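Student: I would like to go through this structure with you. Can we take the core, the rings and a buried charge in turn?

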Amino acid sequence: LLSWSEFEQLLEDPKLRFLLDKLEIAAGDLKVLFDLLDDTGDGEISVEEFIEGVTRFKGAAKSLDVGQVLLRSRRLERHVMNIEKLLTDPNDESALENARKKASKRH
């Protein structure tokens, strides 16, 4: 798994920069791309996720914009599902733990 700081270091590699240029992915879009690939929100992506994501989002920034909306939508859906679980079963330990984790990440 790669964190954003590790990913940034890899971006110094001329071969990777060349590849991203050929895929029409601008340097300014890389943080957005990283966040899109990190759909769990844990701050890390696998090499496989990176390769799959780069090929999926290559081209115009419009693809990244749509991808960003999809990511936010998936995360929002998970939050809503956790809220539903808490409302239907306040004793659901996994839903409580997920809610606590999300709350601690925001502060």
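The questions below concern a predicted model.

Student: Leaving aside neighbours within four places in sequence, which residues is Phe50 in contact with?

Tutor: With neighbours within four places in sequence left aside, its contacts are Phe7, Leu16, Leu20, Leu33, Leu37 and Ile45.

Student: What kind of aromatic pair do Trp4 and Phe7 form?

Tutor: Trp4 and Phe7 are both buried. They are 3 residues apart in helix α1, so about one helical turn separates them. A pair of aromatic rings is described by the distance of the centres and the angle of the planes. For Trp4 and Phe7 the centres are 5.4 Å apart and the planes are at 40°, and the pair is tilted.

Student: How many residues apart are Phe7 and Phe34?

Tutor: The ring centres of Phe7 and Phe34 are 5.5 Å apart and the planes are at 40°, so this pair is tilted. The pair links distant parts of the chain, with Phe7 in helix α1 and Phe34 in helix α3; the separation is 27 residues.

Student: Is Phe34 buried or exposed?

Tutor: The cut-off for buried is under 20% relative accessible area. Phe34 has a relative accessibility of 2%, so Phe34 counts as buried.

Student: Which residues do ring pairs link into a cluster?

Tutor: The structure holds 4 aromatic pairs. One of them is formed by Trp4 and Phe7, and another by Phe7 and Phe34. The cluster linked by ring pairs consists of Trp4, Phe7, Phe34 and Phe50.

Student: How far from Asp38 is the nearest side chain of opposite charge?

Tutor: Asp38 is in the loop between α3 and β2 (44-45). Asp38 is buried and has no salt bridge. A salt bridge needs a distance within 4 Å. The nearest side chain of opposite charge is that of Arg75, at 4.3 Å.

Student: Which backbone nitrogen does the side chain of Asp38 reach?

Tutor: Apart from neighbours within four places in sequence, Asp38 is in contact with Gly43, Glu44, Ile45, Leu71 and Arg75. At 3.2 Å, the side chain of Asp38 reaches the backbone nitrogen of Asp42.

Methods. Residues numbered from 1 in each chain as written. Predicted model: local features only at pLDDT ≥ 70, side-chain atom pairs only at ≥ 80, totals over all residues. Heavy atoms only, no water. Contact = heavy atoms within 4.5 Å. Phe/Tyr/Trp six-rings, centres within 6.5 Å; stacked < 30°, edge-to-face > 60°. Helix = DSSP H or I, 4+ residues; strand = E, 2+ residues; numbered from the N terminus. Buried < 20%, exposed > 50% of the residue type's maximum accessible area, 1.4 Å probe, protein only. Lys, Arg positive; Asp, Glu negative; His and termini not counted. Polar contact = N/O pair within 3.5 Å; in protein donor to acceptor, adjacent residues only side chain to side chain.
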